[in-house]
2 protein chains.
Amino acid sequence: MLPDSQHAGATAPRERLLHAAGELFYLEGVHIGVDAICKAAGVSKKSMYQLFRSKDTLIAESLTSVGVEFLAALAPTDNDGRSPRERILHVFERQDQMSNSRTFRGCPFVNTATELKQPDHPGTVVARAFKQRMTDFFRTEAIVAGFADPATLAGELTMVFDGASARAVVLAQPLSGAGVAMASAVLSTAVRQT
Amino acid sequence: MLPDSQHAGATAPRERLLHAAGELFYLEGVHIGVDAICKAAGVSKKSMYQLFRSKDTLIAESLTSVGVEFLAALAPTDNDGRSPRERILHVFERQDQMSNSRTFRGCPFVNTATELKQPDHPGTVVARAFKQRMTDFFRTEAIVAGFADPATLAGELTMVFDGASARAVVLAQPLSGAGVAMASAVLSTAVRQT
(Lines give C-alpha, C1' and ligand atoms only; values in the text may rest on other atoms or scores of the structure.)
Protein backbone atom coordinates (compact mmCIF):
# COMPACT_ATOMS: atom_id res chain seq x y z
CA MET A 1 0.00 0.00 0.00
CA LEU A 2 2.67 2.45 0.98
CA PRO A 3 5.43 3.14 -1.52
CA ASP A 4 8.66 1.22 -1.12
CA SER A 5 12.03 2.71 -0.30
CA GLN A 6 13.42 2.73 -3.83
CA HIS A 7 14.10 6.46 -3.92
CA ALA A 8 15.84 6.56 -0.54
CA GLY A 9 19.21 7.55 -1.93
CA ALA A 10 18.14 10.43 -4.13
CA THR A 11 16.22 12.60 -1.66
CA ALA A 12 17.18 14.89 1.20
CA PRO A 13 17.59 13.54 4.77
CA ARG A 14 14.31 15.12 5.87
CA GLU A 15 12.34 13.41 3.10
CA ARG A 16 14.15 10.10 3.66
CA LEU A 17 13.28 10.24 7.36
CA LEU A 18 9.63 11.07 6.69
CA HIS A 19 9.43 8.23 4.21
CA ALA A 20 11.18 5.63 6.43
CA ALA A 21 9.22 6.73 9.51
CA GLY A 22 5.88 6.62 7.68
CA GLU A 23 6.60 3.15 6.38
CA LEU A 24 7.98 1.69 9.62
CA PHE A 25 5.38 3.27 11.90
CA TYR A 26 2.68 1.79 9.66
CA LEU A 27 4.26 -1.66 9.27
CA GLU A 28 5.69 -2.07 12.77
CA GLY A 29 3.83 0.44 14.94
CA VAL A 30 4.68 3.81 16.45
CA HIS A 31 6.69 2.15 19.20
CA ILE A 32 9.49 1.18 16.84
CA GLY A 33 12.73 2.85 17.92
CA VAL A 34 14.20 5.90 16.23
CA ASP A 35 17.40 3.89 15.67
CA ALA A 36 15.62 1.62 13.20
CA ILE A 37 14.12 4.61 11.40
CA CYS A 38 17.43 6.44 11.17
CA LYS A 39 19.11 3.28 9.88
CA ALA A 40 16.42 2.75 7.23
CA ALA A 41 16.70 6.40 6.19
CA GLY A 42 20.49 6.41 6.24
CA VAL A 43 20.49 9.48 8.52
CA SER A 44 22.25 9.89 11.86
CA LYS A 45 20.25 10.17 15.05
CA LYS A 46 21.78 13.58 15.66
CA SER A 47 20.53 14.82 12.27
CA MET A 48 17.13 13.32 12.96
CA TYR A 49 16.76 15.30 16.19
CA GLN A 50 17.99 18.43 14.41
CA LEU A 51 15.40 18.01 11.67
CA PHE A 52 12.56 16.85 13.95
CA ARG A 53 12.57 18.11 17.49
CA SER A 54 11.35 14.79 18.90
CA LYS A 55 10.05 11.36 17.98
CA ASP A 56 6.52 12.69 18.64
CA THR A 57 7.04 15.35 15.95
CA LEU A 58 8.35 12.70 13.56
CA ILE A 59 5.23 10.58 14.25
CA ALA A 60 2.94 13.53 13.51
CA GLU A 61 4.80 14.77 10.42
CA SER A 62 5.29 11.34 8.88
CA LEU A 63 1.61 10.53 9.44
CA THR A 64 0.79 13.70 7.53
CA SER A 65 2.79 12.40 4.56
CA VAL A 66 1.27 8.93 4.85
CA GLY A 67 -2.19 10.41 5.28
CA VAL A 68 -2.03 12.46 2.09
CA GLU A 69 -0.97 9.35 0.14
CA PHE A 70 -3.53 7.08 1.84
CA LEU A 71 -6.47 9.41 1.16
CA ALA A 72 -5.28 9.97 -2.42
CA ALA A 73 -5.10 6.19 -2.94
CA LEU A 74 -8.69 5.80 -1.67
CA ALA A 75 -10.39 8.81 -3.26
CA PRO A 76 -12.06 8.90 -6.67
CA THR A 77 -10.91 11.56 -9.16
CA ASP A 78 -12.61 14.95 -8.76
CA ASN A 79 -15.61 15.40 -11.05
CA ASP A 80 -15.29 11.96 -12.59
CA GLY A 81 -18.91 12.05 -13.71
CA ARG A 82 -19.97 9.17 -11.49
CA SER A 83 -22.82 9.28 -8.99
CA PRO A 84 -22.14 10.08 -5.31
CA ARG A 85 -23.00 6.46 -4.51
CA GLU A 86 -20.39 5.18 -6.96
CA ARG A 87 -17.83 7.69 -5.70
CA ILE A 88 -18.39 6.63 -2.08
CA LEU A 89 -18.20 2.94 -2.98
CA HIS A 90 -14.94 3.64 -4.82
CA VAL A 91 -13.33 4.28 -1.41
CA PHE A 92 -14.48 0.88 -0.13
CA GLU A 93 -13.39 -0.86 -3.34
CA ARG A 94 -9.94 0.62 -2.97
CA GLN A 95 -9.82 -0.43 0.69
CA ASP A 96 -10.83 -3.92 -0.41
CA GLN A 97 -7.96 -4.01 -2.93
CA MET A 98 -5.50 -2.76 -0.31
CA SER A 99 -6.57 -5.55 2.05
CA ASN A 100 -5.21 -8.09 -0.48
CA SER A 101 -1.68 -6.84 0.18
CA ARG A 102 0.53 -8.74 2.58
CA THR A 103 1.62 -5.37 4.00
CA PHE A 104 -1.92 -4.12 4.71
CA ARG A 105 -2.20 -3.18 8.39
CA GLY A 106 -5.53 -1.33 8.36
CA CYS A 107 -6.17 2.39 8.54
CA PRO A 108 -3.04 4.37 9.48
CA PHE A 109 -5.15 7.01 11.29
CA VAL A 110 -7.04 4.57 13.50
CA ASN A 111 -3.85 2.59 14.11
CA THR A 112 -1.90 5.65 15.21
CA ALA A 113 -4.63 6.80 17.61
CA THR A 114 -5.02 3.25 18.92
CA GLU A 115 -1.31 2.80 19.48
CA LEU A 116 -0.59 6.21 20.99
CA LYS A 117 -3.56 6.12 23.42
CA GLN A 118 -3.12 9.83 24.10
CA PRO A 119 -5.89 12.05 22.70
CA ASP A 120 -3.66 15.15 22.76
CA HIS A 121 -0.53 13.60 21.26
CA PRO A 122 0.42 15.48 18.06
CA GLY A 123 0.16 12.17 16.16
CA THR A 124 -3.38 11.57 17.42
CA VAL A 125 -4.33 15.13 16.48
CA VAL A 126 -3.09 14.50 12.91
CA ALA A 127 -4.88 11.12 12.83
CA ARG A 128 -8.16 12.74 13.92
CA ALA A 129 -7.87 15.50 11.32
CA PHE A 130 -7.31 13.01 8.48
CA LYS A 131 -10.14 10.75 9.66
CA GLN A 132 -12.34 13.83 9.67
CA ARG A 133 -11.34 14.51 6.05
CA MET A 134 -12.56 11.04 5.12
CA THR A 135 -15.85 11.67 6.92
CA ASP A 136 -16.11 15.08 5.22
CA PHE A 137 -15.73 13.43 1.81
CA PHE A 138 -18.61 11.05 2.61
CA ARG A 139 -20.73 13.94 3.91
CA THR A 140 -20.14 16.07 0.83
CA GLU A 141 -21.12 13.20 -1.47
CA ALA A 142 -24.16 12.44 0.72
CA ILE A 143 -25.27 16.08 0.40
CA VAL A 144 -24.93 15.92 -3.41
CA ALA A 145 -26.93 12.67 -3.41
CA GLY A 146 -29.71 14.35 -1.45
CA PHE A 147 -29.67 12.14 1.63
CA ALA A 148 -31.78 13.43 4.52
CA ASP A 149 -29.05 13.25 7.18
CA PRO A 150 -25.63 13.52 5.47
CA ALA A 151 -23.68 13.92 8.73
CA THR A 152 -25.05 10.75 10.31
CA LEU A 153 -24.63 8.79 7.07
CA ALA A 154 -21.02 10.00 6.80
CA GLY A 155 -20.35 8.89 10.37
CA GLU A 156 -21.85 5.48 9.60
CA LEU A 157 -19.77 5.06 6.45
CA THR A 158 -16.67 5.95 8.47
CA MET A 159 -17.60 3.26 11.00
CA VAL A 160 -18.02 0.74 8.17
CA PHE A 161 -14.60 1.70 6.84
CA ASP A 162 -12.96 1.34 10.25
CA GLY A 163 -14.86 -1.83 11.09
CA ALA A 164 -13.76 -3.34 7.79
CA SER A 165 -10.12 -2.40 8.51
CA ALA A 166 -10.38 -4.08 11.92
CA ARG A 167 -11.91 -7.18 10.32
CA ALA A 168 -9.03 -7.53 7.84
CA VAL A 169 -6.44 -7.04 10.59
CA VAL A 170 -8.01 -9.33 13.20
CA LEU A 171 -8.87 -12.14 10.79
CA ALA A 172 -5.63 -11.55 8.83
CA GLN A 173 -7.62 -12.05 5.64
CA PRO A 174 -8.52 -9.91 2.62
CA LEU A 175 -11.92 -8.24 2.93
CA SER A 176 -13.29 -10.10 -0.11
CA GLY A 177 -16.05 -7.56 -0.58
CA ALA A 178 -17.32 -7.43 3.03
CA GLY A 179 -16.76 -3.68 3.43
CA VAL A 180 -18.07 -2.81 -0.03
CA ALA A 181 -21.22 -4.89 0.52
CA MET A 182 -21.94 -3.27 3.87
CA ALA A 183 -21.31 0.27 2.62
CA SER A 184 -23.58 -0.50 -0.32
CA ALA A 185 -26.32 -1.75 2.01
CA VAL A 186 -26.00 1.34 4.23
CA LEU A 187 -26.34 3.60 1.17
CA SER A 188 -29.29 1.60 -0.19
CA THR A 189 -31.26 1.94 3.03
CA ALA A 190 -30.34 5.57 3.86
CA VAL A 191 -33.33 7.90 3.74
CA ARG A 192 -33.42 10.53 0.99
CA GLN A 193 -34.70 14.07 1.39
CA THR A 194 -38.38 14.37 0.59
CA MET B 1 -13.79 -0.56 32.10
CA LEU B 2 -11.23 -2.94 33.47
CA PRO B 3 -11.17 -3.53 37.21
CA ASP B 4 -8.72 -1.54 39.26
CA SER B 5 -5.77 -2.97 41.15
CA GLN B 6 -7.40 -3.04 44.58
CA HIS B 7 -6.86 -6.75 45.18
CA ALA B 8 -3.21 -6.74 44.12
CA GLY B 9 -1.86 -7.70 47.54
CA ALA B 10 -4.12 -10.63 48.30
CA THR B 11 -3.60 -12.84 45.26
CA ALA B 12 -0.80 -15.09 43.99
CA PRO B 13 2.03 -13.72 41.82
CA ARG B 14 0.63 -15.37 38.69
CA GLU B 15 -2.78 -13.71 39.14
CA ARG B 16 -1.19 -10.38 40.05
CA LEU B 17 0.90 -10.50 36.87
CA LEU B 18 -2.08 -11.43 34.71
CA HIS B 19 -4.08 -8.60 36.23
CA ALA B 20 -1.34 -5.95 35.93
CA ALA B 21 -0.43 -7.08 32.41
CA GLY B 22 -4.04 -7.06 31.23
CA GLU B 23 -4.59 -3.59 32.65
CA LEU B 24 -1.33 -2.06 31.39
CA PHE B 25 -1.41 -3.68 27.94
CA TYR B 26 -4.93 -2.28 27.51
CA LEU B 27 -4.22 1.18 28.89
CA GLU B 28 -0.70 1.69 27.52
CA GLY B 29 -0.35 -0.86 24.70
CA VAL B 30 1.41 -4.19 24.31
CA HIS B 31 4.76 -2.45 23.86
CA ILE B 32 4.94 -1.43 27.50
CA GLY B 33 7.98 -3.02 29.12
CA VAL B 34 7.85 -6.05 31.39
CA ASP B 35 9.60 -3.97 34.07
CA ALA B 36 6.52 -1.77 34.44
CA ILE B 37 4.25 -4.81 34.64
CA CYS B 38 6.42 -6.56 37.23
CA LYS B 39 6.56 -3.36 39.27
CA ALA B 40 2.77 -2.94 39.17
CA ALA B 41 2.30 -6.59 40.13
CA GLY B 42 4.96 -6.49 42.86
CA VAL B 43 6.67 -9.53 41.30
CA SER B 44 10.33 -9.88 40.29
CA LYS B 45 11.24 -10.16 36.62
CA LYS B 46 12.83 -13.53 37.35
CA SER B 47 9.57 -14.84 38.81
CA MET B 48 7.69 -13.42 35.84
CA TYR B 49 9.83 -15.37 33.39
CA GLN B 50 9.47 -18.49 35.54
CA LEU B 51 5.67 -18.16 35.52
CA PHE B 52 5.32 -17.05 31.89
CA ARG B 53 7.95 -18.27 29.47
CA SER B 54 8.04 -14.96 27.58
CA LYS B 55 6.39 -11.58 27.24
CA ASP B 56 4.50 -12.99 24.24
CA THR B 57 2.96 -15.66 26.47
CA LEU B 58 2.06 -13.00 29.04
CA ILE B 59 0.37 -10.97 26.30
CA ALA B 60 -1.67 -13.98 25.17
CA GLU B 61 -2.61 -15.20 28.66
CA SER B 62 -3.48 -11.77 30.05
CA LEU B 63 -5.61 -11.05 26.98
CA THR B 64 -7.48 -14.27 27.73
CA SER B 65 -8.30 -12.93 31.22
CA VAL B 66 -9.21 -9.50 29.89
CA GLY B 67 -11.25 -11.07 27.09
CA VAL B 68 -13.41 -13.13 29.42
CA GLU B 69 -14.15 -10.01 31.49
CA PHE B 70 -14.74 -7.80 28.46
CA LEU B 71 -17.19 -10.20 26.82
CA ALA B 72 -18.97 -10.77 30.15
CA ALA B 73 -19.32 -7.00 30.58
CA LEU B 74 -20.87 -6.68 27.12
CA ALA B 75 -23.12 -9.74 27.02
CA PRO B 76 -26.73 -9.91 28.16
CA THR B 77 -27.67 -12.58 30.71
CA ASP B 78 -28.46 -16.00 29.23
CA ASN B 79 -32.16 -16.57 28.64
CA ASP B 80 -33.17 -13.14 29.90
CA GLY B 81 -36.46 -13.32 28.02
CA ARG B 82 -35.65 -10.43 25.72
CA SER B 83 -35.79 -10.60 21.94
CA PRO B 84 -32.64 -11.36 19.90
CA ARG B 85 -32.74 -7.74 18.69
CA GLU B 86 -32.76 -6.42 22.26
CA ARG B 87 -30.02 -8.84 23.27
CA ILE B 88 -27.81 -7.76 20.34
CA LEU B 89 -28.43 -4.07 21.07
CA HIS B 90 -27.51 -4.71 24.72
CA VAL B 91 -23.91 -5.27 23.55
CA PHE B 92 -23.86 -1.90 21.80
CA GLU B 93 -25.48 -0.16 24.77
CA ARG B 94 -22.79 -1.54 27.04
CA GLN B 95 -20.08 -0.45 24.60
CA ASP B 96 -21.67 3.00 24.59
CA GLN B 97 -21.53 3.13 28.39
CA MET B 98 -17.90 1.96 28.39
CA SER B 99 -17.00 4.76 25.96
CA ASN B 100 -17.95 7.28 28.64
CA SER B 101 -15.03 6.14 30.76
CA ARG B 102 -11.82 8.11 30.68
CA THR B 103 -9.95 4.78 30.54
CA PHE B 104 -11.83 3.46 27.50
CA ARG B 105 -9.32 2.55 24.79
CA GLY B 106 -11.60 0.63 22.41
CA CYS B 107 -11.81 -3.12 21.87
CA PRO B 108 -8.92 -5.01 23.51
CA PHE B 109 -9.00 -7.68 20.78
CA VAL B 110 -8.76 -5.27 17.85
CA ASN B 111 -6.18 -3.21 19.72
CA THR B 112 -3.95 -6.21 20.41
CA ALA B 113 -4.07 -7.40 16.79
CA THR B 114 -3.49 -3.84 15.56
CA GLU B 115 -0.53 -3.30 17.87
CA LEU B 116 1.15 -6.68 17.39
CA LYS B 117 0.84 -6.63 13.57
CA GLN B 118 1.75 -10.32 13.47
CA PRO B 119 -1.12 -12.62 12.42
CA ASP B 120 0.53 -15.66 14.04
CA HIS B 121 1.57 -14.04 17.33
CA PRO B 122 -0.07 -15.94 20.24
CA GLY B 123 -1.71 -12.65 21.31
CA THR B 124 -3.24 -12.14 17.87
CA VAL B 125 -4.49 -15.72 17.87
CA VAL B 126 -6.25 -15.10 21.21
CA ALA B 127 -7.62 -11.77 19.94
CA ARG B 128 -9.03 -13.45 16.82
CA ALA B 129 -10.65 -16.24 18.86
CA PHE B 130 -12.39 -13.75 21.19
CA LYS B 131 -13.53 -11.56 18.31
CA GLN B 132 -14.95 -14.70 16.75
CA ARG B 133 -16.88 -15.37 19.97
CA MET B 134 -18.48 -11.95 19.69
CA THR B 135 -19.42 -12.64 16.06
CA ASP B 136 -20.75 -16.07 17.07
CA PHE B 137 -23.00 -14.46 19.68
CA PHE B 138 -24.45 -12.13 17.03
CA ARG B 139 -24.90 -15.05 14.62
CA THR B 140 -26.67 -17.23 17.18
CA GLU B 141 -29.09 -14.41 18.03
CA ALA B 142 -29.61 -13.70 14.31
CA ILE B 143 -30.52 -17.36 13.76
CA VAL B 144 -33.05 -17.24 16.64
CA ALA B 145 -34.49 -14.04 15.16
CA GLY B 146 -34.94 -15.78 11.79
CA PHE B 147 -32.76 -13.52 9.68
CA ALA B 148 -32.07 -14.84 6.19
CA ASP B 149 -28.26 -14.56 6.36
CA PRO B 150 -27.14 -14.76 9.99
CA ALA B 151 -23.43 -15.08 9.17
CA THR B 152 -23.31 -11.93 7.05
CA LEU B 153 -25.41 -10.00 9.56
CA ALA B 154 -23.10 -11.12 12.39
CA GLY B 155 -20.07 -9.94 10.40
CA GLU B 156 -21.76 -6.58 9.80
CA LEU B 157 -22.61 -6.14 13.48
CA THR B 158 -18.99 -6.94 14.34
CA MET B 159 -17.87 -4.25 11.90
CA VAL B 160 -20.28 -1.77 13.51
CA PHE B 161 -18.86 -2.65 16.92
CA ASP B 162 -15.26 -2.21 15.75
CA GLY B 163 -16.05 0.91 13.76
CA ALA B 164 -17.71 2.41 16.82
CA SER B 165 -14.67 1.59 18.96
CA ALA B 166 -12.42 3.28 16.43
CA ARG B 167 -14.70 6.32 16.38
CA ALA B 168 -14.52 6.73 20.16
CA VAL B 169 -10.73 6.33 20.16
CA VAL B 170 -9.98 8.60 17.20
CA LEU B 171 -12.39 11.36 18.21
CA ALA B 172 -11.59 10.84 21.91
CA GLN B 173 -15.27 11.25 22.64
CA PRO B 174 -18.03 9.06 24.10
CA LEU B 175 -20.11 7.31 21.44
CA SER B 176 -23.29 9.09 22.51
CA GLY B 177 -25.48 6.48 20.86
CA ALA B 178 -23.73 6.37 17.46
CA GLY B 179 -22.95 2.64 17.64
CA VAL B 180 -26.35 1.69 19.07
CA ALA B 181 -28.17 3.69 16.38
CA MET B 182 -26.20 2.10 13.58
CA ALA B 183 -26.57 -1.44 14.94
CA SER B 184 -30.29 -0.77 15.31
CA ALA B 185 -30.52 0.43 11.69
CA VAL B 186 -28.60 -2.62 10.44
CA LEU B 187 -31.00 -4.91 12.33
CA SER B 188 -34.07 -3.01 11.09
CA THR B 189 -33.08 -3.37 7.45
CA ALA B 190 -31.75 -6.95 7.59
CA VAL B 191 -33.83 -9.37 5.52
CA ARG B 192 -35.83 -12.03 7.36
CA GLN B 193 -36.32 -15.59 6.18
CA THR B 194 -39.40 -16.01 4.03
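**The contact between the two chains**

Modeller: In this predicted model, chain B is superposed on chain A by a rotation of 180° with 0.0 Å of shift along the axis, at an RMSD of 0.0 Å. The two copies are thus related as by a two-fold rotation axis. Within chain B, the C-alpha nearest that axis belongs to Gly163(B), at 2.0 Å from it.

The contact takes 33 residues from chain B and 33 residues from chain A. Four helices of chain B each supply at least two residues of the side that touches chain A: H6 (108–116), H7 (122–145), H8 (150–171) and H9 (178–189). Of the elements of chain B, H8(B) gives the most to this side, with 13 residues. By class, the side of chain B that touches chain A divides into 15 nonpolar, nine polar and nine charged residues. Of the interface residues of chain B, 100% are also interface residues in chain A, so the copies meet through the same surface.

Most residues other than glycine have a negative phi. Ala172(B) counts as partly exposed, because 14 C-beta neighbours lie inside 10 Å, and the class of partly exposed residues falls between the limits of 12 or fewer for exposed and 20 or more for buried. A second residue of chain B with this backbone feature is Asn79(B), which has a positive phi of about 45° although it is not a glycine. Asn79(B) is in the loop between helix H4 (55–74) and helix H5 (84–98) of chain B. Asn79(B) is exposed, since 7 other C-beta atoms lie within 10 Å.

The fold behind this contact may be described on chain A. Chain A holds nine helices and zero strands, in the sequence pattern α-α-α-α-α-α-α-α-α. The radius of gyration of chain A is 18 Å, close to the 16 Å that the globule rule gives for 194 residues, so chain A is as compact as a globular protein of that length. The C-alpha trace of chain A spans about 60 × 30 × 30 Å along its principal axes. Buried residues make up 48% of the 194 residues in chain A. Among contacts in chain A between residues at least 6 apart in sequence, 64% join residues at least 24 apart.

The domain assignment divides chain A into domain 1 (1–55) and domain 2 (75–189). The C-alpha centres of these two domains of chain A lie 27 Å apart. Six residues of domain 1 of chain A are in contact with 10 residues of domain 2 of chain A. The domain 1 side of that contact has four nonpolar, two polar and no charged residues.

The largest nonpolar core has 115 residues, of which Leu17(A), Ala183(A) and Ala183(B) touch the most other members. This core draws at least three residues from each of domain 1 (1–55) and domain 2 (75–189) of chain A. Leaving aside residues up to four places away in sequence, Leu17(A) touches Ile37(A), Ala41(A), Val43(A), Met48(A), Leu51(A), Phe52(A) and Leu58(A).

Two residues illustrate how sequence separation and spatial separation can be set side by side. Leu27(B) has its place in helix H1 (residues 13–28) of chain B. The C-alpha atoms of Leu27(B) and Thr103(B) are separated by 7.0 Å, although the two residues are 76 residues apart along the chain. Apart from neighbours within four places in sequence, Leu27(B) is in contact with Thr103(B) and Arg105(B). Leu27(B) is partly exposed, with 13 other C-beta atoms within 10 Å. Val191(A) lies in the segment after helix H9 (178–189) of chain A. Val191(A) and Glu115(A) are 76 residues apart in sequence and 36 Å apart in space, C-alpha to C-alpha. Val191(A) touches Phe147(A) and Ala148(A), not counting residues up to four places away in sequence. Because 10 other C-beta atoms lie within 10 Å, Val191(A) is exposed.

Notes. Residues numbered from 1 in each chain as written. Chains lettered and ligands numbered in written order. Predicted model: local features only at pLDDT ≥ 70, side-chain atom pairs only at ≥ 80, totals over all residues. Domains from an automatic or database assignment. Contact = placed C-beta atoms within 7 Å. Nonpolar A, V, L, I, M, F, W, Y, C, P; charged D, E, K, R; others polar. Least-squares fit on C-alpha atoms with pLDDT ≥ 70 in both. Rg over C-alpha atoms; globule rule 2.2 N^0.38 Å. Core = buried A, V, L, I, M, F, W, Y, C linked by C-beta atoms within 7 Å.
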